Amino acid sequence: MRRTAIILSFFLVLFQGKAQHESMEVFIDSLMAQMTVREKLGQLNLPVTGTIVTGQAKSSAVAEKIMRGEVGGLFNLKGVKQIREMQEIAVEKSRLGIPLIFGMDVIHGYETVFPIPLALSCTWDIEAVKLSAAIAAKEASADGICWTFSPMVDLCRDARWGRIAEGSGEDPFLGAAMARAMVEGYQGEAFDEKHIMACVKHFALYGASESGRDYNTVDMSRQRMYNEYFPPYKAAVEAGAASVMSSFNEVDGVPATANKWLMTDVLRHQWGFDGFVVTDYTAIQEMQVHGIGDLQTVSARALKAGIDMDMVSDGFIGTLEASLVQGKVTMADINTACRRILEAKYKLGLFEDPYKYCSVRRAASELYTDEHRAIARRIAAESFVLLKNEGALLPLSRKGVIGLVGPLADNRDNMSGTWSVAATPERYSTLAEAMRRAVDGRAEILYAPGCNLMYSEKEQKAAMWQRNIPRGDDKRWREEALEVASRSDVIVAAMGECAEMSGESSSRVGLEMPDAQHDLLEALLATGKPVVLVHFSGRPTVMKWENEHVPAILNVWFGGSEAADAICDVLFGDVVPSGKLTTTFPQHVGQLPMYYNHKNTGRPADTKNWYQKYRSNYLDVNNEPVYPFGYGLSYTTFSYGEIKLDATEMSLDGGEVRASVTVKNTGNYDADEIVQLYVRDMVGSVTRPVQELKGFQRIHLKKGESRTVDFTITPDLLKFYNYELEEVCEPGEFQIMIGPHSKEVRTAMLTVR
Ligand code: BGC
């Protein structure tokens, strides 16, 4: 009976799905039959919006174009009223009344801002990441947005690149898990009014730009692409991402935006992507500068490669008609792209109700709610990574005198971090404000800015991106801070990068703490008072000196709108830190690119005699990081038992082995621990990494509690792309590793036959 019911419901679902698909096809066929070539090209056009004041949409620069049917969508326009007005122009004033889609860089939250994506990944908490995306979608959709340019899933192993802040770090397995979670969070099960289209970006390999310089050339073996850099994009596509954004960089000598192999062969044929592809901002225009032709040529090449929508270049709308006449593109090429955009609008339900995402009522009640803020605060606290805690200096007790110093101690504008287009920082707290609230009169808080972000002579240059960080006289501020220090029992130094020192076009070659801050920190340490460094950053920085000299370091990234309260939650022990690094922190910038999951060489460095000649090391620094991938401390301690495998052999044909380890909370706090599984394929037909993350679990253990954590290993988990780019699991020996981070693992051997 049950089986029959399941079969029947299966056919019902299939039938309904087919009917829906057919009705979409019929609808779009009949719509396209009425469209002129120009109107079709209009759907492929995503122009820049410009500033639009409420009530003035009709007189805006793009209004004319919309009325002529020359616009498919708009982006980064904030406010439901303005968006509704623009939609009215499209629906009521254009010949066919085709609704627009409204996109935005909703990267890590909307008005409720979550930690920057790099920080989010340090939670290793898939449900939390998914929830953050779902809340971002709920708020954005309440304010008129139906499409986000997120997730950014570019793997990055070079901290010089500022956009490392926007991704999930250096690991393909974790990156893929994060990519899936974000797509599922944004899009939900279906596009109801609270879910929006995701856009996976930047396809592809943007995070591997040479020397960490933004937009720079990428040249990479297919081996590395398929095994290391592609998995997060593929995972996002498999999770059903509705759109993909092409990247600025070139791949194999062709800019991604004109790269047919990437956009069609890999994306559509190999991965089965059936959504639409939009370019990055002016990426078509920029191909002229890359040097592959004039605007007409590059526009035709982009369309032919598989691009469906042109962001800002005016290349499609401006040149494709001529290319059609000259036979450089076909009507079929244009129809294919146009159909994909119309399908997206259909699936969003915009033909049924163009104002589905334009509810003024929702906008008034669903943004920056107490519930969303409480969740953002919890997730922010989960993302912080305790790097050092000598003598259990942290948590602080709420008593005595706390001296709070540093350029980021009393600033609200930097809390949200890079790419927070919809942020409303005037409503966010500074750390000083949150700290006063947190101690609630039980301790005294003294505050001094202490130093400029950078020394005054460098400041001029940096001022434009400092987001209201207080500025003053270096010498006088130092004296004031030392005076505060002398009156304090403990010093909390809020220092590091400001928000705009990471993100797009924010690459840096020096990743040490800016000198003005370093010098103040040194002076504070010299007072002999205990110092806690609350370190803000959008990337892994070089913390060799800090690790040697500062007793306690909490890396707080940019934690979003609720960051200040979340920092206090951790500082005062209301929340026990649990975040772990998803990128390696180097000892020297010259080690970059640096990542734990590297290959061996024929002459690996000897860890003890690392300075030897004829080994793969530097002469002046060993190959170790300051903080490795997966690392992060807690206020409690955990012990790990030996690994137990329920079999030491596994069949290639459907085999399965359980690897377990017992973890015990041996300290004094109930806390979360992130247990990590790594493997090493000892011998392969091609060289294999020395270590690869293959599983992780976040568990909660009360003090004194132990738990056995199980991981299931299957041949599928051990697969990789061989020289022929076939996905295989090869028989042989595998080292299984489980531990609290990549450099501290228990091991066992498994044979696959
Ligand atoms: C960035 C994209 C972003 C786009 C639209 C570009 O400069 O590279 O990540 O989505 O602008 O704002």
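Met 749 lies in strand S27 (residues 744–752). Strands here are DSSP runs of E with at least two residues, and helices are runs of H or I with at least four residues; both are numbered from the N terminus. Met 749 has 37% relative accessibility, so it counts as partly exposed. The scale is simple: buried means under 20% relative accessible area, exposed means over 50%, and partly exposed lies in between (1.4 Å probe, protein chains only).

Met 749 also belongs to a nonpolar surface patch. Patch residues need over 30% relative accessible area and no salt bridge; nonpolar side chains (Val, Leu, Ile, Met, Phe, Trp, Tyr) are joined within 5 Å, like charges within 9 Å. Accessible areas come from the Shrake-Rupley method with a 1.4 Å probe, and for residues only the protein chains shown count as cover.

## About the model

This is a predicted model: local features need pLDDT of at least 70, side-chain atom pairs count only at pLDDT 80 or more, and totals for chains, interfaces and linings use all residues. Residues are numbered from 1 along each chain as its sequence is written, and side-chain values use heavy atoms, leaving out hydrogens and water.

## A buried strand

Now turn to strand S12 (residues 401–405). Here 5 of the 5 residues are buried, so the strand is largely enclosed by the rest of the structure. In a regular strand the side chains alternate between the two faces of the sheet. In S12, Val 401, Gly 403 and Val 405 point one way. Ile 402 and Leu 404 point the other way.

Which strands pair with S12? One is S13 (residues 444–448), which runs parallel to S12 and is joined to it by 5 bridges. Another is S14 (residues 490–496), also parallel, with 4 bridges to S12. Strands pair if DSSP finds at least two bridges between them. Val 405 has Ala 448 of S13 as its bridge partner. From S12 the chain crosses through helix H17 (residues 431–439) to S13, in a right-handed β-α-β crossover. Right-handed means that, with the strands pointing away from the viewer, the path from the first strand over the helix to the second runs clockwise. On the S14 side, Leu 404 stands opposite Val 492.

## Salt bridges

How many salt bridges are there? The count is 49. Each one needs a side-chain nitrogen of Lys or Arg within 4 Å of a carboxyl oxygen of Asp or Glu.

Arg 38 and Glu 321 form one of them, at 2.6 Å, N to O. Arg 38 is in helix H2 (residues 37–43) and Glu 321 in helix H13 (residues 315–325), so the pair ties together parts 283 residues apart in sequence. Arg 38 is partly exposed at 28%, and Glu 321 is partly exposed at 32%. Both belong to a network of salt bridges that also links Glu 64, Arg 68 and Glu 70.

Arg 340 and Asp 308 meet at 2.7 Å, N to O. Arg 340 lies in helix H14 (residues 331–348), and Asp 308 in the loop between helix H12 (295–305) and strand S10 (310–311), 32 residues apart. Arg 340 is buried at 18%. Asp 308 is buried at 1%.

Glu 483 and Arg 487 meet at 3.6 Å, N to O. Both lie in helix H19 (residues 474–487), 4 residues apart, about one turn of the helix. Glu 483 is partly exposed at 42%, and Arg 487 is partly exposed at 46%.
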